[in-house]
Amino acid sequence: QQQKEEKNNIFSQLFSFLFKPLIKIKEGWKVYSDQQTFLPALALAYLYMTVLSVGSVLTSYLYWRGMSNESIGVWRGIGAFLGLLGSSVYPWFVKRYGLIKSGNIGSIGQWIMLVPCVLSLAIDDALVALSLMCIGVMLSRIGLWIFDLSVSQQMQETIPENQRGVVNGVQNAVQSLFELLSYLLVLVFNEPNKFWISTLISFGMVTLSVLTYSRYSVRESSKSHIILEEVEANEQQQTKPYPSTAP
């Protein structure tokens, strides 16, 4: 009997060791996906699967195409400045257009600025192609930071305080997953002459991000209109004169 209890205890501990983390992941994902800001958070995470950023992958590609270290340093400095500019103008956008619309502006603005990067793939002239690539990536930083800050603020304002740790933990994990996928992308298409494939996939992820956030924006806009119509209907009902009871 004692040996049987010991075996059951061992199996119980083994089961807990193997499956408890999976259960925790499932529970965390359930809390994360039930949030109002699930779609914006997912849209933000998609942007981590990209080579169209001021990082080592793009720097290596530019160097392979013949750009000097000095020029690359200047472009990266411009990119950092434009990122700060996006952060600086973000409060103005929120004040003028609201939180959700500011996210839309940032998301679509980033997508538009990355279009020249795709067009540069069809240009044979190295100087023109590299210039388009750099200009597109650097200018996209403005929209990226507006979108990033908009989503972050929406998450801070809508997530219940007792769930913020779980939601932020899952968000970081999802972002890290897509960042890992970007590294795998480079490993698969590791030759510089195949960089165009990584560029198109990265642009596709940005497009997916725009569509995901747009769906959320339309949904929230519809909710706002319904609430506004209900409020107006209640106000009209309250202001309607009562029927006279005088004889």
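Reply: An axis here is a line fitted to C-alpha atoms, for helices over the stretch in contact, and angles between N-to-C directions run from 0 to 180 degrees. The model is predicted, so local features need pLDDT of at least 70 and side-chain atom pairs pLDDT 80 or more, while totals for chains, interfaces and linings use all residues. Residues are numbered from 1 along each chain as its sequence is written, and side-chain values use heavy atoms, without hydrogens or water.

Let us begin with helix 5 (residues 99-119) and helix 6 (residues 126-158), whose axes come within 7 Å and cross at roughly 160 degrees. Helix 5 passes helix 6 in a left-handed crossing, with the near helix turned anticlockwise from the far one by less than a right angle; clockwise would be right-handed. Their contact has 13 nonpolar residues, 11 polar and one charged. (Ala, Val, Leu, Ile, Met, Phe, Trp, Tyr, Cys and Pro are nonpolar, Asp, Glu, Lys and Arg charged, and the others, including Gly, polar.)

Now for the cysteines. The sulfur of Cys-117 has its closest cysteine sulfur in Cys-134, but 8.4 Å is too far for a bond. A disulfide needs two cysteine sulfur atoms within 2.5 Å, and the count is zero. Cys-117 is buried, at a relative accessible area of 0%, and Cys-134 is buried at 0% too. (Buried means under 20%, exposed over 50%, partly exposed in between, with a 1.4 Å probe and protein chains only.)

Helix 2 (residues 38-46) is mostly covered, with nine of its nine residues buried; among them are Phe-38, Leu-39 and Pro-40. The axes of helix 2 and helix 7 (residues 164-188) come within 8 Å, crossing at roughly 30 degrees, which makes helix 2 roughly parallel to helix 7. This crossing of helix 2 past helix 7 is right-handed. Ala-41, Leu-42, Leu-44, Ala-45 and Tyr-46 of helix 2 meet Gln-171, Val-174, Gln-175 and Phe-178 of helix 7, contact meaning heavy atoms within 4.5 Å. By class, the contact of helix 2 with helix 7 holds seven nonpolar residues, two polar and no charged.

Key: Helices (H or I, at least four residues) and strands (E, at least two) are DSSP runs, numbered from the N terminus. Angles under 35 degrees count as roughly parallel, over 145 as roughly antiparallel, 65 to 115 as roughly perpendicular and the rest as oblique.
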